[in-house]
Amino acid sequence: MESKEIRKIILSEAHREENLRIAAYLLEKGCYLTLIANESEKLNSFFNNLTTEYQSRCFVKCLDEYTEIGISGAIDSIIDTMKGIDVFINGLSGTNETAQLNLSPSSFGKEIASDFDRLFLLNREIVRYMVRQKNGNVIFLMIDDILHFADYPVSPVNNQGRLALMKSMAKELLPFKIKINSLTFGIHDRGFKPAEKRSMKKKLEFCALKPPIPEWKELLPALDALIYPPFQYMTGQNYSASIGTSNT
């Protein structure tokens, strides 16, 4: 088993609430962490509310545009600041694709393509460093598609693209000892009021009988299995942090 030494981690889409809570969890674990996003206000607010000790291990990188040149320069700067990288976490996209499609069917495909371009460019630049050091760990985070049936905001198109990229990268990067996996989160409390939670338990019985609805923070220790993999050949797999059967 790999020793639980301090990890140097980059987290993308860091401005989203669920990803910021992941960032707080990683800092509590003692990791060095760089947050990437295109919304500086949320990142700076998060950073300013950290303790001095956490601020010493947390770095913020805001990208106005996810261009090839911009991403390349940003990753160079991040790697130099952290003196290396161990783990890249592709944060949750946070997109409600049903709402997005209903709002603007004509632009839906363009927005999905733009998301995939950003995803590809970030992973390509970061993996370039991992190939040189012949070591690294890339994780794709997702919310289970099946929760669409309980009115959770999910991103099935984005998820399937992430899964395809994850499996392709895992095959190509195995010779360089780089692990590529995904983690799918399932049922969790989205801030439900007591009455809403009772109603949601009934709605979620397609996953399990009278399922509990854990807090988001209760699911985050599932990250440890991929950040500190207990088995050398854990790669190319989609792991589940959920109750019941996953549909992703």
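**View 1. The buried residues of helix H1.** In this predicted model, H1 keeps Asn19, Leu20, Ile22, Ala23, Tyr25, Leu26 and Leu27 buried (buried means under 20% relative accessible area, with a 1.4 Å probe and protein chains only). Helices here are DSSP runs of H or I with at least four residues, strands are E runs of at least two, and both are numbered from the N terminus.

**View 2. H1 from end to end, and what follows.** Helix H1 covers residues 17-28, and its 12 residues should span 16 Å at 1.5 Å a residue; the end C-alpha atoms are 17 Å apart, so the two agree (the expected span is 1.5 Å times one less than the number of residues).

View 3. Take a step back and you will find 10 helices and seven strands in the chain. Its C-alpha trace spans about 50 × 45 × 40 Å along the principal axes. Of the 248 residues, 48% are buried. Among contacts with a separation of 6 or more, 76% join residues 24 or more positions apart (contact means heavy atoms within 4.5 Å).

**Notes for all views.** Residues are numbered from 1 along each chain as its sequence is written. Because the model is predicted, local features need pLDDT of at least 70 and side-chain atom pairs count only at pLDDT 80 or more, while totals for chains, interfaces and linings use all residues; side-chain values use heavy atoms, leaving out hydrogens and water.

Technical notes
Buried means under 20% relative accessible area, exposed over 50%, partly exposed in between (1.4 Å probe, protein chains only).
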